[in-house]
Amino acid sequence: MLCLDLAERAPERGIVGVDIDEAKLASARAAAAVAPALDNVSFLPATALAAQRGPFAAITVVDVLYLLPPRRQEELVTSLAARLGPRGRLLVKEMAPRPRWKHHWMHAQEVIATRLVRITASDHATLHFTTPTVLAGWMADAGLTVDRRRLDRGRPYPHHLVVGTAGAGR
Ligand SMILES: C[S@@+](CC[C@H](N)C(=O)[O-])C[C@H]1O[C@@H](n2cnc3c(N)ncnc32)[C@H](O)[C@@H]1O
């Protein structure tokens, strides 16, 4: 939805969406083809991500990192940071392991989504919810200026957003 919305709002933008779930990719492509078709967005398997060198003005990772082991999360954040253009932004929306009650509630729901009803595809056995502090540290180590925002006030889910901005001299 985010990719389609971004593509629809600005035809001059080029948008690439990636996922490991072929069914979701097919749904996204079908939605983009509904008249008036969007010709500035493409949807690719995650295996094609390495070939997407950029530079990108913005990269979003929304509720995906927790499906990867911590080492892969860090590698992905570092590698995406390197593909930003001047003043490019990396936006990572995740769910934090705090506050505990929100985490327990969300964790139970994600176990059901990934293991029981399987509406969320994952190629790893366990879920890893990274703190905003750790995430911000990875971005800072990658040379980005980092801003963090809690998005969970008034909500039962521990949503948070970490935004890294690249320098002008890339
Ligand atoms: C909770 S959903 C979030 C989907 C979308 N970003 C959104 O906000 O609506 C997690 C998505 O991550 C995808 N996913 C899981 N492992 C992935 C990986 N290694 N690379 C890319 N996408 C992955 C799943 O197929 C699923 O579509």
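In what order do the elements of the protein run from the N terminus on? The order is α-β-α-β-β-α-β-α-α-β-β, which comes to five helices and six strands. Here helices (H or I, at least four residues) and strands (E, at least two) are DSSP runs, numbered from the N terminus.

The radius of gyration, taken over C-alpha atoms, is 16 Å, close to the 15 Å that the globule rule gives for 170 residues, so the protein is as compact as a globular protein of that length. That rule is 2.2 Å times the number of residues to the power 0.38. Along its principal axes, the C-alpha trace spans about 45 × 40 × 30 Å.

A word on the model itself. It is predicted: local features need pLDDT of at least 70, side-chain atom pairs count only at pLDDT 80 or more, and totals for chains, interfaces and linings use all residues. Residues are numbered from 1 along each chain as its sequence is written.

Next, the domains. An automatic or database domain assignment supplies the bounds, dividing the protein into domain 1 (1-52) and domain 2 (55-170). Their C-alpha centres lie 20 Å apart.

Finally, the ligand. Each of the two domains, domain 1 (1-52) and domain 2 (55-170), gives at least three residues to the shell around the ligand. By class, this shell has eight nonpolar, two polar and four charged residues; Ala, Val, Leu, Ile, Met, Phe, Trp, Tyr, Cys and Pro count as nonpolar, Asp, Glu, Lys and Arg as charged, and the others, Gly among them, as polar.
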